[in-house]
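Open the model in your viewer and keep the selection panel at hand.

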Amino acid sequence: MIDCEGLVKIYKTDDLEVVALQGLNLKVEDGELMAIIGNSGSGKSTLLNILGGLDRPSAGQVRVGPWDLLKISEEELVQYKRETVGFIWQNNARNLLPYLSALENVEMPMMLSGKVDRAYAKQLLEWVGLKERMHNKLHQLSGGEQQRVAIAISLSNRPKLLLADEPTGSVDTTTSDLIMGIFRQLNREIGITVVIVTHDLTLAGKVDRVVAIRDGLTSTEFIKRNPNITLDGGEAELPQASGLQAVHEAYVVVDRVGRLQVPKEYLSALQIKDKATMEFDGERIIITPPKSLGG
Ligand SMILES: Nc1ncnc2c1ncn2[C@@H]1O[C@H](COP(=O)(O)OP(=O)(O)OP(=O)(O)O)[C@@H](O)[C@H]1O
C-alpha cells in the first residue's frame, strides 16, 4: 500500500532550511494496522501530511497504491485525497458543526462531493458505536463521542488508507481504548490500512508493528512476538516502563545500502563521535570506539 524510499522533505523558511525527512524508508502492506512513534520534531507529522497529500515531498520515492506522490499533478492530488485517504487529527472534532446532528455531520462531506448515501452514513455511525446517538446535535455529545463522529466522517469517502495523527491525544483512557477498538474492527472487517502516529506507547503497543522515526529516518522497528495476542481495552495494560519491549521484538532498520542508525545514547556512552571500528566475529558485528593511533 505504502512504499517510501529515500523520502526527503526540506522546509524552506526565509534563509533557513529544515530537513524534516532525510531519506526515510517505510513499507506498509495492504490491510496493515501499524503505528509510527518518535520524539517531537522527528518528522512524524511531516510524513503523515505527505502520505495524506497535504504536503509535497522534496525528493525520493513515495507511492501509495497506484499513486506516485512525488510526480502527481495537482488535479490527480485532489482525486487522490478524495478517493484514497481518510484523515483523523487529535482535534478533528473542532471542525464539526455543533448545530447539526451527528448524522448530518457525516452526510455533510458526502453532500459536498455530490453523493449522499444515508444508509452508509448510518452504518458508519453504527461502526463507531453511536447508533443510538446519531440524531443528537453535536453539542449534546461528549468530546470522545465527537471524536468518534470525526472518525465516521474520515471514512465517508470509503478510503483505502486511514491516517491518524495522535487520534487519542485529547481523550481519556477508556475512549482511547474504544477508538483503538474501532480502528481494529475497521481494519479487520473492511480491510482498510491504518497508520497511526502517536506519542502514546500504550496505544502503539496494541498494534502488530511499530516503526520508530528518529531525526527524519526510520530507526527501529518493533514487531509483535505473538500476533495472536490482542491487547484490547479491558485486558491487561502494558506496563509503561517496559514500553513496547513487553510484547514486541525490536529490530534496527538497515537500509538498502546497508546503513543503520546507532542510538545517540549508545554513541555517547562509548564516546564515539565521527569514527568507530567495526569487527565481525562470525556471528556478531561489534562496534567500538576507535583505538588510539598515538601508540
Ligand atoms: N511548515 C514547516 N516549516 C518549517 N519547518 C517545519 C514545518 N513543519 C515542520 N517543520 C520542522 O520539521 C521538523 C519535523 O517536524 P514534524 O512536525 O514532522 O515532527 P513531529 O515528529 O510530528 O513532531 P510532534 O510530535 O511535535 O508533532 C521539525 O524540526 C519542525 O520544526
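Start with residues 249-292, which an unreviewed UniProt entry annotates as "domain: SpoVT-AbrB". Remember while viewing that the model is predicted. Over residues 249-292 the chain is 14% helix and 27% strand.

Next, select helix 3 (residues 102-112) together with helix 5 (residues 143-154). Their axes are 9 Å apart and meet at an angle of about 30 degrees. Because angles under 35 degrees count as roughly parallel, helix 3 is roughly parallel to helix 5. The crossing of this pair is right-handed. Show side chains for the contact: helix 3 supplies Ala 102, Asn 105, Val 106 and Pro 109, and helix 5 supplies Val 149, Ala 152 and Ile 153. Coloured by class, the residues of this contact come out as six nonpolar, one polar and no charged.

Is the crossing of helix 3 and helix 4 left-handed or right-handed? It is right-handed.

On the helix 3 side of this contact, pick Ala 102, Leu 103, Val 106, Glu 107 and Met 110. On the helix 4 side, pick Arg 118, Ala 121, Lys 122, Leu 124 and Leu 125. By class, the contact of helix 3 with helix 4 has seven nonpolar, no polar and three charged residues. Ala 102 and Val 106 of helix 3 take part here and also in the contact with helix 5.

Last, go to the ligand and select the residues around it: Tyr 11, Thr 13, Val 18, Ala 20, Gly 38, Ser 40, Gly 41, Ser 42, Gly 43, Lys 44, Ser 45 and Thr 46. Strand 1 (2-13), strand 2 (16-28) and helix 1 (44-51) are the elements that give two or more residues to this shell. Which element gives the largest share of the shell around the ligand? Helix 1 does, with three residues. Colour the shell by class to finish: three of its residues are nonpolar, eight are polar and one is charged.

Notes
Residues numbered from 1 in each chain as written. Predicted model: local features only at pLDDT ≥ 70, side-chain atom pairs only at ≥ 80, totals over all residues. Near = placed C-beta within 6 Å. Helix = DSSP H or I, 4+ residues; strand = E, 2+ residues; numbered from the N terminus. Nonpolar A, V, L, I, M, F, W, Y, C, P; charged D, E, K, R; others polar. UniProt positions renumbered as here; feature names shortened; annotations may be inferred. Axes fitted to C-alpha atoms, helices over the stretch in contact; angles between N-to-C directions. Parallel < 35°, antiparallel > 145°, perpendicular 65-115°, else oblique. Left-handed = near helix turned anticlockwise from the far one by under 90°. Contact = placed C-beta atoms within 7 Å.
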